[in-house]
Structure formats: structure tokens, C-alpha cells
Amino acid sequence: METLEFQAEARQLLQLMVHSIYSNKDIFLRELISNASDALDKLRLATLQDGLEADASDLHIELEADTEARTLTVRDNGIGMTRDEVVELIGTIARSGTAELLAKLREAKDSPELIGQFGVGFYSTFMVAEKVTLVTRKAGTEGHGTRWESTGEGTYSIDEAPGAPVGTSVTVHLRPKDEEDALYDYTAEWKIREIVKKYSDFIAFPIRMGDQTLNSMKALWARPRSEVSDEEYHEFYRHISHDWSEPLEIINMRAEGTFEYEALLFLPSRAPHDLFQRDARHGLQLYVKRVFIMDDSRELIPDYLRFVKGVVDAADLSLNISREILQQDRHIQMIRRRLVKKVLSTIKDLLANNPEKYATFWREFGRAVKEGLLNDPDNQKAILDVATFASTAGSEPTTLAAYVERMKEGQEEIYFLTGESRSQVENSPHMEAFQAQGYEVLILTDPVDEIWVEAVPDYDGRKLQSIARGSVDLPKDAEEPEPEGDFAPLLTFLKSRLEEQVKDVRLSHRLTTSPACLVSDADDITPALEKMYRAMGQEGPRVKRILELNPNHPLVGGLRAAHEQRADDPALPETAELLYGTALLAEGGDLEDPARFAKLLADRLARTV
């Protein structure tokens with residue numbers, strides 16, 4: 001028997017394991033099973049490709065718990081190791097961890113999830129072990145096997161193991177149970193079953209304990225869709241989503257070549273209650289070669305698709321993975337890009353071929369999808385292609401492409417109006433001229449609509465134009481009467497009188513029945529957006545708007561005449577306030593002084609009775 005010292009970094013890592021404060025000690029069994037699965041894969045590959053003569057007829061992993069001896073053994077009949085490989089792979093972390101992993105472990109030593117995220121393989125056994133014994137023999141070799149043993153104190157012993165079978169067995173001599181330190185009884189059958197079910201259920205080889213197989217081996221994402229029943233998919237969806245409704249759509253993906261992965265995604269049929277809660281858990285489950293790594297990997301799917309449920313199984317990722325590594329890993333970024341394109345193309349197929357399913361999807365998740373118009377510029381066009389909006393053209397939502405097809409001759413812009421409800425928008429004074437002349441206007445009532453329209457300059461070369469901003473040059477109706485008289489003195493008077501409320505007063509081309517309306521300058525933010533910023537605690541300068549008057553309205557015409565005849569009449573300033581207030585109320589705005597407005601209105605009504 002020979003006693004050797006661990007390589008320096010391995011020694012430091014062992015100390016971190018032994019004196020660990022991490023809560024998720026269950027992970028050691030996942031790591032041992034994953035190592036065993038890799039060994040079985042290597043043996044099967046060697047017999048198929050390299051002509052290795054070995055028995056691969058019953059490749060399996062065996063778990064054996066001894067409650068009295070307080071040991072748990074993980075045994076496989078896989079490829080095994082030579083003595084030199086044991087020293088190289090276990091005595092040093094040069095192949096699997098290196099200094100970078102060690103540094104990250106030290107930096108995040110207070111993180112309760114660290115071990116689960118990094119997965120430090122064989123070394124994680126020392127979180128739960130007083131001593132670890134490994135016996136192994138390489139397939140295709142004659143003679144003895146190798147026995148390795150260590151207490152994790154900085155040295156290990158290595159010796160021959162006569163009669164050792166092909167494969168590897170790892171016996172963990174367990175520390176006493178201490179549930180306060182999250183150190184459970186790992187000889188208890190229920191605990192072993194729980195860990196296998198959570199982390200290793202889809203391992204491709206049977207995991208046996210006694211005469212029972214503990215894992216299902218049913219990785220649905222690895223099977224052709226034709227071989228999986230809808231009920232199996234639905235059961236799996238319920239398992240990962242905790243949603244008892246059936247999924248709306250199932251998405252299978254498989255990528256082969258330089259970087260291989262498989263994905264099984266689901267579009268739910270209804271939105272979860274916490275879809276718009278900031279601290280809600282979401283993301284996809286991440287597996288590496290059927291080994292569970294992470295439950296809610298947000299790195300795999302953007303926030304605006306946070307409702308998508310499913311699994312991604314990557315073949316070439318390391319188990320030594322963390323959220324920080326995922327954010328920077330180019331393979332993960334590539335998977336994310338492909339998943340997004342696949343989900344958006346699936347939504348587009350629903351829109352084209354299954355309107356009923358699409359209507360359900362957009363009703364439940366459209367508001368979330370539109371967030372992508374703000375934070376995913378690469379897919380902005382694809383999102384616009386699958387989005388639908390309420391419109392004055394009818395009761396059914398419309399795509400932007402369909403809107404463009406219906407545009408009137410000479411119309412250059414896509415018109416829209418935002419508001420709190422469809423009825424409020426339809427009854428807005430801003431709509432009058434557009435409705436009178438038959439121009440279609442999109443009705444945008446989701447809070448996110450106020451923001452994304454600022455970020456999307458155009459669609460298919462057509463500018464998106466709010467009918468409540470800037471000036472509007474609609475063709476004039478040939479029968480529209482020209483305003484009589486000069487309105488310049490009245491406009492000057494109103495601008496002076498309302499200078500605290502408005503930046504300008506001008507005649508309008510967008511009104512047909514209302515006396516006045518308020519519009520934002522082309523470069524100003526809208527009142528609704530201003531209100532949203534204030535609600536988020538972002539106080540900015542108050543934005544004044546423009547008061548537009550309908551010169552053909554009797555009230556405006558009467559006010560012009562009254563101002564010409566008696567400019568000093570004290571009732572005129574009150575009328576100016578009432579005119580401004582009614583314009584503000586007509587669009588659903590809030591009066592600064594409702595009590596004063598009510599008093600002025602009551603006094604004026606009293607004089608007319």
C-alpha cells in the first residue's frame with residue numbers, strides 16, 4: 001500500500017468540502033451516479049467503436065445501503081480505471097476543476113446552492129463522509145484492480161485490489177446524521193429514492209437498489225415524438241409545471257453537430273397567477289446528459305418568454321456549472337437564441353394555422369410577449385409578426401401585416417392610440433377625424449404598449465404614429481366648411497390664460513364633434529408614460545401639452561366672438577379653464593383641482609337655468 005498527498009488545490013478543495021456550510025449535501029449522490037453513468041457510456045462506446053471485448057449486456061448502476069455500518073455504496077459495471085488513472089483523476093483536480101473553480105467556491109462560500117450549481121464531482125462526497133473507499137478495475141485489463149481510500153485530510157492510500165470486478169464502486173462511510181446541518185441519513189431508503197427521483201430519474205441506465213429499479217429512464221425529450229403519447233407529454237408537463245391544465249402546444253427540438261442538445265418545451269394554456277410578479281420563479285430545467293442541474297435556469301429563455309415550461313438537455317456542458325458561468329457560456333447563448341426563434345416560429349404557426357389556439361395564447365401571454373419589443377431588438381420584427389392588436393376595423397384583433405394591407409391610398413403611417421380601455425380610446429376626441437374619414441386606428445390598452453411604441457420606429461417601413469401626438473395632416477373633406485373669422489386673438493388669449501397648463505394653443509384638423517383636445521408634442525412623452533414613471537418613483541419635469549381647438553364647433557366659435565366683443569369679460573378666463581378641463585376629462589385625464597372645476601361648472605350651469 002502506498003500513501004500519497006493530494007495535489008495542493010485538491011487539498012484546499014477537500015477542506016472546503018469537509019468543513020462545508022452548504023445546505024444542499026444531497027448533491028453528492030447525484031455526482032456519484034453521474035460519474036457511474038459516464039463510465040457505463042464509455043464502456044458501451046468502447047465495445048461498439050474500439051472493439052473492446054467486454055460484457056455490455058446489462059449495464060447498470062447499483063446502490064447498496066448498510067444502516068448498521070452507516071455506508072452507502074454506488075457501484076457500476078462500466079469502463080473502470082487503471083491505477084494511474086485513479087491517481088491522475090482523483091489525486092488531482094487538474095482535469096476537472098482547477099484554480100478557477102476553487103476561486104469561485106471561495107468567493108461564493110456563503111451561497112447555500114453553490115455545490116448544486118457547480119457540481120464538484122467526486123470531491124462532494126466529503127461533505128457527508130468520514131472516509132471514502134473506491135475500488136475499480138479497467139475493462140479489458142488482466143490482473144488486479146485498484147483500491148483507493150481517503151478521509152479527506154490531505155492524503156490518500158492506494159493499493160492493489162485482487163479479484164475486483166470490472167467497473168467502479170465508491171463506498172461512502174457516512175458521518176453521523178445532523179439534520180440541523182442538513183446532513184440527513186443517507187442510508188434511509190426514502191431519502192435515496194427522493195434524491196434519485198429528483199436528480200437522476202432520466203439517466204439512461206437502470207439505477208437499482210435490491211431488486212427494484214429506482215429511475216424511470218424515460219427522458220421524453222430524447223425519444224421521437226411519434227413514440228410518445230399525448231398523455232405521457234401531459235403527465236410530464238404537469239410534473240415540471242405544477243399546472244393541471246393541458247399544455248396548449250408541445251415543442252420538440254434536437255441539435256446535432258459540434259454542439260448537441262435536446263429540448264422539450266411547452267406553451268401553457270393559461271397564465272400563472274405570478275406571471276407579472278418580479279420575484280416569481282421561472283426558467284427552464286437544465287440537464288447535462290440526463291443529469292438534473294438546475295430547476296429554473298433563466299439564462300436559457302428571456303424574461304418575455306418566462307411562461308414557457310420545459311427541459312433542455314445539453315450533451316457537452318460541464319457539470320461544474322453556475323449561473324454566472326451560464327450567463328457567459330457561448331453554448332448556452334446559442335441554445336437561448338435557437339429556443340427563442342423556435343418559440344416565436346411556433347406562435348407564428350398557431351397564428352396562421354390554428355386561430356383558436358392562437359387567440360387563447362395571445363389572450364393569456366400577449367402582454368408578456370410584447371415586453372420583448374423593448375429588450376430583444378434581434379427578434380423585434382419576429383415579435384411584431386406574431387403580435388395582434390385591437391383595431392377600429394372590427395371586433396377581431398389584427399396583425400400589423402393585415403393593417404398595412406388595408407391602408408388607404410396615400411396613407412403613409414400606421415395610426416394608433418393608447419388608453420386604459422377600448423371604450424375610452426374609441427370615444428376619445430382624437431379619434432373623430434380618423435373615424436369620419438375611415439382611417440383605421442390600432443387600439444392599444446396594455447400598460448406595456450405605452451413603452452414599446454417608443455422603441456419600435458416602424459413596421460415594414462411604415463412609421464407607427466400616435467394620433468394624440470404631433471400634428472396630423474389628414475386629407476380635408478371637400479364639404480368641410482372653412483372656419484369663419486380670425487382666431488389668432490383668441491389663440492393668443494387662451495395661450496396666455498392657460499400658460500401654466502399648456503405650451504401652445506392651435507386650431508385642430510383632428511376634431512369633428514368635440515370642441516377641443518389635448519395633444520403631446522412629437523418628441524414629448526405621453527401623460528400615461530409620465531404617470532407610470534411617477535408610480536415607479538421617477539419624478540421628472542412636468543410635460544405641458546398642446547390644446548387644439550375645433551374651429552367649427554359652436555362653443556369655440558362663440559368664444560371667438562365673445563372675445564372680439566368683450567375681451568375684458570371676467571367670464572372668459574373661466575370659460576378657458578372649463579374648455580381645458582373638459583378636454584382633459586374627455587381623454588380620461590386627471591384634473592389638478594377637481595373641486596374648482598366642479599364649482600366653475602356649477603356656477604355656469606346655474607346662470608343658464
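**Close-up views of a predicted model**

View 1. Phe389 sits across from Thr398, a residue of strand 16. Together, strand 15 and strand 16 make a hairpin, with 2 residues between them.

**View 2. Inside the largest nonpolar core.** Welcome to a set of 134 residues, in which Leu63, Trp148, Phe307, Leu339 and Trp452 touch the most other members. The element that gives the most to this core is helix 2 (residues 27-49), with 10 residues. Apart from this core lies another one, of 21 residues, including Phe493, Ala516, Leu547 and Tyr580. As background, nonpolar side chains tend to be buried together in soluble globular proteins.

**View 3. The surroundings of Leu63.** Here we turn to one of the core residues that touch the most other members. Beyond its neighbours within four places in sequence, Leu63 is in contact with residues including Leu29, Ile33, Ile192, Val196 and Leu214. Thr73, Arg208 and Gly210 are also among the contacts of Leu63.

**View 4. The second largest pocket.** This pocket has a volume of about 1200 Å³. Its lining comprises 47 residues, and Glu450, Thr526, Pro527, Ala528 and Arg545 lie nearest the centre. Among the elements giving two or more residues to the lining are strand 17 (413-418), helix 16 (449-455) and helix 20 (571-586). Helix 18 supplies the largest share, 7 residues. Sorted by class, the lining holds 19 nonpolar, 13 polar and 15 charged residues.

Terms used:
Residues numbered from 1 in each chain as written. Predicted model: local features only at pLDDT ≥ 70, side-chain atom pairs only at ≥ 80, totals over all residues. Heavy atoms only, no water. 1 Å grid on protein atoms, 1.4 Å probe; cavity = no way out; pocket = protein on both sides within 12 Å on 5 of 7 lines; lining within 4 Å. Points joined across faces, edges and corners; volume = space filled by probe spheres on them. Helix = DSSP H or I, 4+ residues; strand = E, 2+ residues; numbered from the N terminus. Nonpolar A, V, L, I, M, F, W, Y, C, P; charged D, E, K, R; others polar. Core = buried A, V, L, I, M, F, W, Y, C linked by side-chain atoms within 4.5 Å. Buried < 20%, exposed > 50% of the residue type's maximum accessible area, 1.4 Å probe, protein only. Contact = heavy atoms within 4.5 Å. Pairing = 2+ DSSP bridges.
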